[in-house]
Amino acid sequence: MVLKPEDILRIAREEAERQRSYRYRINVCCSSGCLPFGALQVLKAFEEAIKEFGLQGECRVSRTGCVGTCSVGPVVLIEPGGYLYQNVTPENAREIVKSHIVSGKPVKELLYANEAFFKKQLRLVLRNAGKIDPLKIEDYIAAGGYSALIKCLTKMTPKEVIDEVIASGLRGRGGAGFPTGQKWNFVAREKNTPKYVVANLDEGDPGVFANRTLAEADPHAIIEGMAIAAYAVGAEKGYIYVRAEYPLAVQTLREALKQARSMNLMGKNILETQFSFDIELRLGAGAFVAGEETGILASIEGRRAMPRPRPPYPATSGLWGKPTLIQNVETLANVPLIILNGGSWFAKIGTPKCTGTKCFSLTGKVNNPGLIEVPMGITLREVVFEIGGGVPSGRRFKAVLVGGPSGGCLPESLLDLSIDYESLTKAGAIMGSGGIVVIDDESCMVDTAWFFTDFCVDESCGKCVPCRVGLLKMRNILERIMKGEGRLEDLDILSELGEYVRDVSLCGLGQTAPNPVLTTLRYFRDEYITHIFDKRCPAGKCFRSQVSMKEAP
Ligand SMILES: Cc1cc2nc3c(=O)[nH]c(=O)nc-3n(C[C@H](O)[C@H](O)[C@H](O)COP(=O)(O)O)c2cc1C
Ligand code: SF4
Ligand code: FES
């Protein structure tokens, strides 16, 4: 099918009109968090109930992506009104249709009653999550999708696109926070061709699922962002690097790409313009270090995902030595909004140096775990105690780990810290790709530091000595302390070694892996001291110390 820009805009109008004609829209979350709890059976039950009550013409039932409240799935959102049902079963699907749709009486007992979870969120990247069917491109188009690409192709020069992204202040959401527009400029000015765009959907941090959820809920936002980036820098080929452990994300992206091609939004002469661009999926085998940008390049080229020294940066010498733009998928999903609303609109959200929003997987000892999107500059306290609803079971808050396995453990005294790249780094943590883990007083901070160091030891590619040997030594010292065999000087050795590994490792894995140890030493030193002098774990968690005590004469 050969379509032109005006055809897409017409489809958008017609589809939006068709959707408005439904009296009710029943959106059943069928993302990875809700599927294991029977989301597909719930979807089927709603379809059957709608048929049973003869409501097919008035009511649309569709599968959607994650709404955010994954711990109470399957979750169903009924519009209009934004009624969110939790823990829905096939049996109460019929009850909801009968009461809510037929009689206009929402089933109060089944509603998600926790409004605080959404109150301080600002869902821009996740604008369509839970609202559209990710497997229907018409849904995305009806929600305004691909109109930013059309605007770029028909009204803007590549330079104007880059200027808009620079004006937005958007920074990379993959962890390092590098200014996106500036990176686009580096690639755009390269004369060497062909050029490539790579979307990073590796997300190797344990417990982090924001990128996966975005791909499952709104794959076209990533594809459109990539196409705009490709237009801006002059690339004709793109790769989405996604870990094979994300089968639903892979399947959703594959289907989305097929549909985009069938509508002339991908491929040769997109929408009858001079711009050609196509995307291939590349599946990673699931290593944390494969998410590092030069690791990704090696993996796409068919080699083991081992990082290499930079420079040269991928912007000048990336895939097969050609200029390559590597961008996190959340960064890319922001781009269509920036193009449609303007860079200055985006720059007003968040803080002056750190604009926009950030998606986080909020997990650990917190009442309302799930996927959240918040404006930059929000405090940790607001996230943990307002959105997250605080620590469950009457336990006491102890720490919050921000930034995944190589993030930092921050104490209660830092709860009013603003979430932005600079504040987090100053406190010893990192933004990472979006993990916030709440830790309560039942957890031991030495054990926590050991757990993440152990993860990084396993994930180190082994190429450089500081990371390969240094992290192992740190883990061994932690183990000794946990066994009750620690010495006071171990703490100085841990600090020195941690700083050394951080300062001289080749890639970001080694450069950030000591963070959990360094921050627990900084903020929870007393727990180390208790392990060393009293030979006990204050939280009663260190089974290694208990084993050792039992064995002690
Ligand atoms: C060990 C390691 C793992 C990383 N994993 C990811 C990842 O899963 N996703 C990601 O976007 N960036 C990851 N990064 C950061 C990338 O190297 C790169 O900076 C990023 O993809 C650039 O995109 P951005 O500017 O949009 O953030 C990782 C870095 C390191 C050192
Ligand atoms: S820092 Fe670690 S992961 Fe990175 S190159 Fe060196 S050994 Fe490999
Ligand atoms: S996966 Fe269903 S609400 Fe998150």
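Predicted model: local features only at pLDDT ≥ 70, side-chain atom pairs only at ≥ 80, totals over all residues.
## Ground rules

Local features need pLDDT of at least 70 and side-chain atom pairs count only at pLDDT 80 or more, while totals for chains, interfaces and linings use all residues. Residues are numbered from 1 along each chain as its sequence is written, chains are lettered from A and ligands numbered from 1 in written order, and side-chain values use heavy atoms, leaving out hydrogens and water.

## Around ligand 2

Let's start with ligand 2, which has 13 residues around it (near means a heavy atom within 4 Å). The closest are Cys-461, Lys-463, Cys-464, Cys-467 and Cys-507. Sorted by type, the shell has eight nonpolar residues, four polar and one charged. Here Ala, Val, Leu, Ile, Met, Phe, Trp, Tyr, Cys and Pro count as nonpolar, Asp, Glu, Lys and Arg as charged, and the others, Gly among them, as polar.

## Two helix pairs

Helices here are DSSP runs of H or I with at least four residues, and strands are E runs with at least two, numbered from the N terminus. Take H1 (residues 5-20) and H6 (residues 147-155): their axes come within 10 Å and cross at roughly 155°. Axes are lines fitted to C-alpha atoms over the stretch in contact, with angles from 0 to 180 degrees between N-to-C directions. H1 and H6 are therefore roughly antiparallel (that label applies to angles over 145 degrees).

Now look at H18 (residues 465-482) and H19 (residues 489-504). Their axes also come within 10 Å, crossing at roughly 155°, so H18 and H19 are roughly antiparallel to each other.

Where are the cis peptide bonds? One runs from Gly-73 to Pro-74, with omega near -5°, and Pro-74 is in the loop between strand E2 (59-64) and strand E3 (76-79). Another links Pro-311 to Pro-312, with omega near 0°; Pro-312 lies in the loop between helix H12 (293-300) and strand E8 (324-328).

Also check out Leu-271, a residue other than glycine with a positive phi, near 50°. You'll find Leu-271 in the loop between helix H11 (247-262) and strand E7 (278-284).

Technical notes: Parallel < 35°, antiparallel > 145°, perpendicular 65-115°, else oblique.
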